[in-house]
Amino acid sequence: MRRLRLRSTLIPAALLLLIGLLAGLSLILGRDFSQPNLRFLPEMVTSVPYDSFDDNPVFADGKTLQRPVPGTIARGHAPLHFTAGDEEALRAGRELANPVAATPEVLARGARLYVAFCQVCHGETGIGDGTVTTRGFPPPPSLLAAKARNLPDGQLFHIVTFGQNNMPPYAAMISPEDRWKVTLYVRSLQTAGLQTSDLEASDPQTPAAEGAP
Ligand code: HEC
């Protein structure tokens, strides 16, 4: 019991003494607080590599951050080597193939996109009777007409990407993959339209042949 009490007074006293000693020592040694402490392995404190925006004597332009090598492709961004215009649309028709398969999920996504972006002009079935046409916008040609049916997928993709005359471009609003999906949905509208005989009759450009009796 006595021993315990002795220990419980000795420990705080020793600690106080130690703190006093350290404080006295630091006063006597005149520690300069503007300087960092002694650094163990200073290379680990101050980084050796250049920071992104540092000057850099190694490169010809004197900068650390270098431009990507010409032709570099960002992850997830397949380059599209086409520009706007009818010639380019025709070339896209010749050179591009739809990389997406028409599964039910893909068509459902295409339908969703069509309703959001195309229906307002092209109409629910694609015949070109969207809401804007009742408010003075010149009606677009029917997507069920022979001309649109005969557009290769790549050309249709190009039209959605870059627009065509009165039709605005959608590259900034619809991702490339989704543009292919909406292309497939337009195809499915065309197939559905072909099976609707009265639409067929109202389509002057449809050749009489093409599977119809
Ligand atoms: C602002 C109204 C508008 C919207 C929205 C619109 N289009 Fe068009 N689209 C047009 C017009 C107008 C044309 C005819 C352009 C022309 O005169 O060459 C056209 C032409 C087309 C053609 C070519 C048809 C042909 O016979 O040459 C396709 C294919 C097409 N649009 C698909 C789409 C798809 C797919 C979307 C949705 C992503 C869409 N359009 C959204 C107005 C629109």
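The questions and answers below concern this predicted model.

Reader: Which residues coordinate the iron atom of the ligand?

Author: The model is predicted, and the distances in it are computed from the atoms. Two side-chain atoms of the protein, NE2 and SD, coordinate the iron atom of the ligand at 2.0 to 2.1 Å. They belong to H122 and M167.

Reader: How many residues apart in sequence are the parts that this pair ties together?

Author: H122 lies in helix 3, which spans residues 104-122. M167 lies in the loop between helix 5 and helix 6 (176-195). The pair therefore ties together parts whose separation in sequence is 45 residues.

Reader: What is the geometry of the site of the iron atom of the ligand?

Author: The site has 6 donor atoms, and the angles among them run from 85 to 179 degrees. Six donors count as octahedral if opposite donors are over 155 degrees apart and all others between 65 and 115. The site of the iron atom of the ligand is octahedral.

Reader: Is H122 buried or exposed?

Author: A residue counts as buried if its relative accessible area is under 20%. The relative accessibility of H122 is 12%. M167 has a relative accessible area of 23% and is partly exposed, whereas H122 is buried.

Reader: Why do the buried residues of helix 2 lie on the same side of the helix?

Author: The buried residues of helix 2 (residues 86-95) are E88, A89, A92 and G93. They lie on the same side because the arc they cover around the axis is only 150 degrees.

Reader: Which exposed residues does the face of helix 2 turned away from its buried side carry?

Author: The buried side of helix 2 has a cover that includes helix 5 (153-162). The face turned away from that side carries two exposed residues, E87 and R94.

Reader: With which side chain does that of N56 make a polar contact of 3.2 Å?

Author: N56 lies in the loop between helix 1 (2-29) and helix 2, and with 6% relative accessibility it counts as buried. Leaving aside neighbours within four places in sequence, N56 is in contact with Y50, G62, K63 and T64. The polar contact of 3.2 Å joins the side chain of N56 to that of T64.

Reader: How far apart in space are P99 and W180, C-alpha to C-alpha?

Author: P99 is in the loop between helix 2 and helix 3, and its relative accessibility of 61% makes it exposed. In sequence, P99 and W180 are 81 residues apart. In space, their C-alpha to C-alpha distance is 7.6 Å.

Note on methods. Residues numbered from 1 in each chain as written. Predicted model: local features only at pLDDT ≥ 70, side-chain atom pairs only at ≥ 80, totals over all residues. Heavy atoms only, no water. Buried < 20%, exposed > 50% of the residue type's maximum accessible area, 1.4 Å probe, protein only. Helix = DSSP H or I, 4+ residues; strand = E, 2+ residues; numbered from the N terminus. Arc of directions from axis to C-beta. Contact = heavy atoms within 4.5 Å. Polar contact = N/O pair within 3.5 Å; in protein donor to acceptor, adjacent residues only side chain to side chain. Donors = N, O, S within 2.8 Å, 3.2 Å for Na, K, Ca; no water. Tetrahedral: all angles 85-135°; square planar, octahedral: opposite > 155°, others 65-115°.
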